[in-house]
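This briefing covers the nonpolar cores and the salt bridges of one protein model. Please keep the sequence and the structure open while reading.

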Amino acid sequence: MTTSSRDIGEATMEAVIEHNAKALGRVAWTTAVVPLLGRPYADAVLEESDDADLVVVGSRGLGGFTELLLGSTSHRVAAHATCPVAVIRDAGGGADVASVVVGIDGSRAARRALRGALAEAALRGVGVTLVHGFALPDTALLSGVATREHIESARAEARTSADRVVESALAAVGVPDGVTVTPQIVPGTPSGAILAHATSADLTVLGTRGFGRVRRAVLGSTSHQVLHHAPGTVVVVP
């Protein structure tokens, strides 16, 4: 008797259920084994998730590039899902979340991410670290035509503008009662600023695309870099 792909899929599902029986016993759940029909696995996940509130994927599956931190399936799902996507690392992703980090840049996508991060923090009774990286004026260019006072003034103006971005985002979204928000407004790239704080975070939340230059990209460069390099769980809010 020949074993079909569906038989293998159902056997795999049964093994997963048996292995996770204790956790599954706490929630209502259903299963689905769907034919790929020549589609990438990510497309099948995306189709099944059309009506979902959250998609959860591992950072890397059984693809050939095992050295990559993020597999092609998780990257594609995070880029194209219509609901938030949580990418779980192999070494983390437990149910207990003690700290939430969110990156913002003033865009609508970032405000949606902030709203999601605040909701997760309120649900778990933890605080939020809000990270905003901003660009300082290029001192190499300014030094030839400006005095030190001009340079310091330009830096102060950049910091004031960054402060306004954070204040505006918090005012627009509103902070739930009982949630403490700690702003971290630092000079540097958005991805660098977020990753510096994501190292010690259990959960990092960000939007799919902010104010980057490539508007056609579904997943912005900041989201891309954080997904690939953050050590903990990352949630991407579309």
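With which residue does Glu-120 form a salt bridge? Its partner is Arg-124, and the closest N and O atoms of Glu-120 and Arg-124 are 2.1 Å apart. The model is predicted, and every value below is computed from it.

**Salt bridges within helices**

- Five salt bridges are found in a search of the whole structure, among them the pair of Glu-120 and Arg-124.
- Both Glu-120 and Arg-124 belong to helix α5, where they sit four residues apart, about one turn of the helix.
- Glu-120 has a relative accessible area of 27% and is partly exposed; Arg-124, with 34%, is partly exposed as well.
- Another salt bridge joins Asp-163 to Arg-159, with 3.2 Å between the closest N and O atoms.
- Asp-163 and Arg-159 are four residues apart in helix α7, so about one helical turn separates them.
- Asp-163 is partly exposed, its relative accessible area being 25%, and Arg-159 counts as partly exposed at 36%.

**The salt bridge of Glu-47 and Arg-39**

- The side chains of Glu-47 and Arg-39 form a salt bridge with an N to O distance of 2.6 Å.
- Glu-47 is partly exposed at 47% relative accessible area.
- Arg-39 is partly exposed too, with a relative accessible area of 24%.
- As a general point, side chains of opposite charge can pair when their charged atoms come close.

**The largest nonpolar core**

- The largest nonpolar core has 26 residues, and those touching the most other members are Val-100, Val-102, Ile-104, Leu-114, Val-128 and Val-205.
- At least two residues of this core come from each of β3 (100-103), α5 (108-124), β4 (128-134), α7 (148-173), β6 (203-207) and β7 (233-237).
- Helix α5 supplies the largest share of this core, six residues.

- Another core, of 24 residues, lies apart from the largest one, and its members include Val-57, Val-85, Leu-195 and Leu-227.

Note on methods
Residues are numbered from 1 along each chain as its sequence is written. This is a predicted model: local features need pLDDT of at least 70, side-chain atom pairs count only at pLDDT 80 or more; totals for chains, interfaces and linings use all residues. Side-chain values use heavy atoms; hydrogens and water are left out. A nonpolar core is a set of buried Ala, Val, Leu, Ile, Met, Phe, Trp, Tyr and Cys residues joined through side-chain atoms within 4.5 Å. Buried means under 20% relative accessible area, exposed over 50%, partly exposed in between (1.4 Å probe, protein chains only). A salt bridge is a side-chain nitrogen of Lys or Arg within 4 Å of a carboxyl oxygen of Asp or Glu.
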